[in-house]
Amino acid sequence: MKHIAWQWLAISSVLIAALAASAETRPQYGGTLHVSMLDAPLSLDPADRATPDSFGRRSLTELIFETLVSVDKSGRATPVLADSWQTRGGRRWQFRIRHNVWFHDGSPLTAESVAASLRFANPAWNVTADRDSVIVESDLAEQNLLADLALSRNAIAKRDSDKLSGTGPFHIVDWQPGKELALGAEENCWRGRPFLDGIEIEMGRGFHDQMTALQLGKADLIEVAPEQTRRVSQQGQVLVSSAPMELLALVFGQDGSSPDEKSLREALGWSVERGSMRDVLLQGTGQATGSILPGWMSGYGFVFPTTADLARARSLRDQTHVSANWKLGYDGSDPMNRLLAERISLNARDAGLSLQPTSGGNADLRLMRIPLASTDPWSALQIALAEIGLPPMESKGHSIEDLYAAETAVLATGRVIPLFHLPVSYASVSNLKNWSLRPDGSWNLGDAWLESARP
Amino acid sequence: MSAVSGSYNLGIPNAISNSVSGVPGTARPACSGMPVLVLVLVSIWILATPAAAVDWSVPEQQLARKIVAVTGSGPMALQFENRSSIGRRDSEIIENGLHSTLETMGVRFSEAEHASSSVTITLSENLTSYVWVAQITKPGAETAVAMVSIPRPAWTGSALDSVPLSLRKTLLWSQVSPILDVAVLEENATPTRIAVLDPEKISVYRSQNGRWLEEQSAGIVHANSWPRDLRGRLVAARDHLEAYLPGIVCHSGGSLNLSCNETDDPWPLLAAGLSGNAPVFASVGSSGVASSGIAPEQAFFSSARNFFNGTLTPAIRNVSPGKFYSAAAIAHDKSVLWLFAGVDGQVHFFDGGPERIVHLSWGSDVTSVRTSCGAGWQVLADRAGDDVSDSLRAYEFPDRDPVAVSAPVDFPGPISALWTEARGDTTVAVAKNTETGSYEAYRVAVACNQ
């Protein structure tokens, strides 16, 4: 029996090659899963805003904590710690809290503990407990509240001095910030004890080191760099990729101060040869984009051009009375960032723009990777704006045209030049069964099991 | 995700209202007693016309109005592109509809060189909606964009069983929440009264005039959380039901008064009918077969896991299978052959001699049936494989090793339960449909006309 099926197939690509020919059985209990990851978060608190959002951080959060609701593969809210909800016009939301759920410290999940957690994560929210329900109120209709509550940063945590407790399938056994995390199976998990006995996660490991660890049998689940996904699948390893939901973009630190500055930024956008960069540097992975939101999320991404137009770029530059002499910053921990930055600089030079790549601190614009936090386009756009450093947008409505107008307005500021949407990819050993990716790109290991384990 | 006023969880469009009983829930009728042929024909028609019922006229008019607001009624060059999952037939319907609607709004169509505006309409989509985008180009002006969105309908198709014949499967019941087992309580040509065991309750449904109505329902009280990969067994005795779940056994009195106790009592390992004396609901009838020589056997199930712990009662001489997921027994050469699908992924055989451990391409669910076909006994086993689909196949044992005697019959997702029905000649197989996410319970019968 293969009871708990792979989920999330609708918007993920699953590349599985040469699976070991062994008998499939019901999920087996036992075993410790060894995971490697690039991120090295210093805090496990889901609401800690000092720790940047990343797919790795989301994965860790969702092993330990749970949200009130989650978003399924169709983008619809489904109950988790809230078993039902209702709203009056979007201004007052009432969530009934699931009974018979316990934190890892043995205390019960209550409306008070949920309200306290949400207030901690969102100081501006008006959250109160009312018997077995939590009430969220605001002056304006909160159309996106369900999507926001599904974000891992709104996972419900109990904070006692420096001790964190969640309701997820695994509890913290040992935590060395930024280095290692050991998790144990939570026997009293309301969804049932997970099949794995534990998970050991090594952090801050580069992609190459992770692949070596997988090949040496020291890791069971690793991250794969976008440009390596094709090679990994050709090597016959189990590879799982999300929908393209990481935005790679050029982000300026300041608004364009003059029409000339905006024209030069527009010229830079037209100069970038996304197609060849994708084909060569990214080995065909991901999608070239001219929009912040990927097309599968918005439905209109194709409207924004992605092909380079050098003549147009030069024309725009020639119309200006200033010269572009920018420093392009990038994160040097990933060699791909340097290659991309150098290629973008070459394209810019062809358009008569000067762009100097640097992995140092001072830069006019940066090559940024922005993990889109939600499959809900409105939530994803708002959070992307925060990552870019732009204020939240105020939309007049909630239609698809309103969304398009909001995104167009953001792009018109010249603060961001979208380049690619990349999937997040993972490779695993063949005897790791029944694990999947959530719509937000994080692992779902609650139902995973190791075939070699013995109950 | 839209805000919904006044109703719990109406923001979950996938939740299916209960057309069976009218009470909140997600159950929906399966076969409703309809002949299988009719069901298949209906299913073929549904698959062949996936969106025939969709009325596109409203979004057509909305988008046309937005286009005309930009272009006016001058000559227009119009192009269409379909980037969505909308099928070709519907795409053509939409294209024609938009064409007509624009014409009724005064738009004249022409070649690009004679047009005052050029419009490209793209049918696209996102996770929740179809998105129709019009890119409008007029000389000397920037490209304007107009769009409308239309909520995408829930998936309504169903998998078709196109695999003939030795094994026949008939859909008994389907619901969104997990099905652990189904027992047929009454039947004529098709089941007319069934009991469905799910993690929280036993529900009895009766078919009336082609519709399934909930007759009774009783909750299963349990203090502890269920283990993942929850399993359960529903046994229809002569005048009551018994439900076995990890650490819990429930007995129904009259009118489905359910009494559940925390207990480690063993579960029945084989259907009563396999012993030749099936004490089933009288209206179902007995199997009418002679004693098989296989004694009723029980086994202890781990209260916090998904397997039997290996202890049988009464103990069988020379049979010690270790932990196992499922078991089957067949009368074989005046002895009994026991098979156990072990948690080690191997099949353990006991036939009076030494234990044989064989690595077969089977999954972890096996059971046996006693039929009037072939050798009279068959073992049904699911297959090892991926997590997306599954199949069952019948095997016989002319000698010591299994020989496949049927083609595999496919299921729309992994099989999560496989129990022989009380009479012993059919099984209930539950699969989780990977397309719809619903659980579907099938009766699987061996047909001997092949």
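I started with helix α11 (residues 377–388) of chain A and helix α12 (residues 400–412) of chain A, whose axes come within 11 Å and cross at roughly 15°. I am working from a predicted model, so every entry here is about that model. With that crossing angle under 35 degrees, I wrote the pair down as roughly parallel, α11(A) to α12(A). The crossing of α11(A) past α12(A) is left-handed.

Next I looked up who touches whom in this pair. From α11(A) I noted P377(A), W378(A), L381(A) and L385(A), and they meet L403(A), A406(A), E407(A) and V410(A) of α12(A). I sorted the contact residues of α11(A) with α12(A) by class and got seven nonpolar, no polar and one charged.

I then moved to helix α6 (residues 259–271) of chain A and helix α9 (residues 310–318) of chain A. Their axes come within 8 Å and cross at roughly 165°. That makes α6(A) roughly antiparallel to α9(A), and I noted a left-handed crossing here.

On the α6(A) side I listed S263(A), L264(A), E266(A), A267(A), W270(A) and S271(A); on the α9(A) side they meet L310(A), R312(A), A313(A), L316(A) and R317(A). The class count for the contact of α6(A) with α9(A) came out as six nonpolar, two polar and three charged residues.

**Over to chain B**

I found three helices and 30 strands in chain B. Of its 450 residues, 44% are buried. I also looked at contacts in chain B with a separation of 6 or more: residues 24 or more positions apart account for 53% of them.

For a helix pair I took helix α2 (residues 57–71) of chain B and helix α3 (residues 88–104) of chain B, which pack at an angle of about 50° with axes 9 Å apart. I logged α2(B) as oblique to α3(B) because of that angle. The crossing of α2(B) and α3(B) is right-handed.

The α2(B) residues in this contact are S57(B), E60(B), Q61(B), L63(B), A64(B), I67(B) and V68(B), and α3(B) brings I94(B), G97(B), L98(B), T101(B) and L102(B). By class I got seven nonpolar, four polar and one charged for the contact of α2(B) with α3(B).

**Cores**

Which members of the largest nonpolar core touch the most other members? I found A249(A), A384(A) and M147(B), out of 154 residues. The element giving the most to this core is α11(A), with seven residues. There is also a second, separate core of 82 residues, and I noted I248(B), A299(B), Y325(B) and V379(B) among its members.

I followed up on M147(B), leaving aside its neighbours within four places in sequence. From chain A, M147(B) is in contact with Y300(A), I400(A), E401(A) and Y404(A), and from chain B with V131(B), W132(B), V133(B) and A134(B).

**L42(A)**

Last, I went to L42(A), which sits in the loop between β2 (32–36) and α1 (55–64) of chain A. Is L42(A) buried or exposed? I counted 12 other C-beta atoms within 10 Å, so L42(A) goes down as exposed. Across the sequence I compared L42(A) with Q176(A): the two are 134 residues apart, yet their C-alpha atoms are 8.4 Å apart in space. Beyond its neighbours within four places in sequence, L42(A) is in contact with T51(A), P177(A) and G178(A).

Terms used
Residues are numbered from 1 along each chain as its sequence is written. Chains are lettered from A and ligands numbered from 1 in the order in which they are written. This is a predicted model: local features need pLDDT of at least 70, side-chain atom pairs count only at pLDDT 80 or more; totals for chains, interfaces and linings use all residues. Axes are lines fitted to C-alpha atoms, for helices over the stretch in contact, and angles run from 0 to 180 degrees between N-to-C directions. Helices (H or I, at least four residues) and strands (E, at least two) are DSSP runs, numbered from the N terminus. Angles under 35 degrees count as roughly parallel, over 145 as roughly antiparallel, 65 to 115 as roughly perpendicular and the rest as oblique. A crossing is left-handed if the near helix is turned anticlockwise from the far one by less than a right angle, and right-handed if clockwise. Two residues are in contact if their C-beta atoms, placed from the backbone, lie within 7 Å. Ala, Val, Leu, Ile, Met, Phe, Trp, Tyr, Cys and Pro count as nonpolar, Asp, Glu, Lys and Arg as charged, and the others, Gly among them, as polar. A nonpolar core is a set of buried Ala, Val, Leu, Ile, Met, Phe, Trp, Tyr and Cys residues joined through C-beta atoms within 7 Å. A residue is buried if 20 or more other C-beta atoms lie within 10 Å of its own, exposed if 12 or fewer, and partly exposed in between; C-beta atoms are placed from the backbone.
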